[in-house]
2 protein chains.
Amino acid sequence: MQASFTESQKETIHRLFRSRRDVRQGFTGEEIPKETLEKILLAAHHAPSVGFMQPWNFIVLEDLEKRKKIHSLFQAAKKNERQHISAEKQELYDSLKLEGILESSINICVTCDRSRHGETGLGRSQQSNMDLFSTVCAVQNMWLAARAEDIGIGWVSIISAEALAKELNLPEYVEVVAYLCVGPVESFFEEPELEQLGWQERLDIQELIYFETWGQK
Amino acid sequence: MQASFTESQKETIHRLFRSRRDVRQGFTGEEIPKETLEKILLAAHHAPSVGFMQPWNFIVLEDLEKRKKIHSLFQAAKKNERQHISAEKQELYDSLKLEGILESSINICVTCDRSRHGETGLGRSQQSNMDLFSTVCAVQNMWLAARAEDIGIGWVSIISAEALAKELNLPEYVEVVAYLCVGPVESFFEEPELEQLGWQERLDIQELIYFETWGQK
């Protein structure tokens, strides 16, 4: 039997969940120590994966010229997205800092190799997106491991995955799952930035739990 | 500035990543204390979500008759999946225990409300599956929080999401993301079950890391 966690260790773990943030501002640009980055990627590699497929790869980007190109993909996508934002929220939307592509120390693109170990496999013949979901689990492990090291991560989702795939020369069987801005930060917000800035309130968890069937309290 | 984590706390966190398992056997069926379940769900609720959308719901299933119906959905899906498994692996596939729907204490279906806070929103107009991915992050937080409490979780992906949605009366704008078997377990495997049983080896992480572009070491 593997060892259990003590009450104090559990408190540490729950503090980690509560204090992880999606970071878009305050990146210092300092270098991430090599062993710290390795620990963060190793945490990702210990994520669960369907059929133990481990479909992920990690592309570490440092080159500023390349990042500038990717930043321009973000800008184009943001312009597209603005049209979908409701009129009363557009001013707030414009004021939000939504990525740290250039200021963060590095960017990491996390991809999913959809053909790894063969076309289909255990656990993903019936739900075809399970390999993508496994890769997301790896991203969440990275995010938490980074927070433990005082390294901020921000997920840039306002960007075309197809354009990114082209920019990074991904083979056609590999998909972008997450484009991350990664690096030391001045501080972590006490609450999610979008909550503090009035974009959206935290929901009451009791409202989100049902019993036996949808809608039943 | 939020407090940092000490070296010893970081070790605890990395032990958590390493010791989390996808559990399919050894569920004791004992009741999960109410406060433990609440802590696990609260960890899920602290996952990141695109535009702070919090698109998740948690349907807790205890009723054994209902679980038997869902178990029969698994059996049908496994029969379908077997046809996709390569000939040399079919015998091993047949021998694997792939879910603990009936023996676990409870099942939890984690869903994604794709229309929460309006049809589109910040961060998901350009990548439409970001709300599903946010929900997966919540699942991964649950999984880790459960492990900290010595509670096992197994994700059942060999099942039709459409049939599950019907069984749980989900509205059409709500999708199943994960069907989980949850409860105390006799023990946690030292290594992933599929690794120990010879289904798939762990990949070398160094082979999975590229620099600046796909394939570049």
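Author: The buried residues of helix H2 of chain B are Leu37(B), Ile40(B), Leu41(B), Ala43(B), Ala44(B) and His45(B). A residue is buried if 20 or more other C-beta atoms lie within 10 Å of its own, exposed if 12 or fewer, and partly exposed in between, with C-beta atoms placed from the backbone. Helices (H or I, at least four residues) and strands (E, at least two) are DSSP runs, numbered from the N terminus. The model is a predicted one, in which local features need pLDDT of at least 70 and side-chain atom pairs count only at pLDDT 80 or more, while totals for chains, interfaces and linings use all residues. Residues are numbered from 1 along each chain as its sequence is written, and chains are lettered from A and ligands numbered from 1 in the order in which they are written.

Helix H2 of chain B covers residues 34-45; its 12 residues should span 16 Å, which agrees with the 16 Å between its end C-alpha atoms. The expected span is 1.5 Å times one less than the number of residues.

The buried residues of H2(B) pack against helix H1 (7-19) and strand E5 (209-211) of chain A. Within chain B, they pack against strand E1 (56-61), helix H5 (130-148) and strand E3 (151-155).

Two of these partners also meet each other: E5(A) and E1(B) pair in the parallel sense over three bridges, where pairing requires that DSSP find at least two bridges between the strands. Phe211(A) has Val60(B) as its bridge partner in E1(B).

Between the chains, 87 residues of chain B are in contact (C-beta atoms, placed from the backbone, within 7 Å) with 87 residues of chain A.

Conventions. Two residues are in contact if their C-beta atoms, placed from the backbone, lie within 7 Å.
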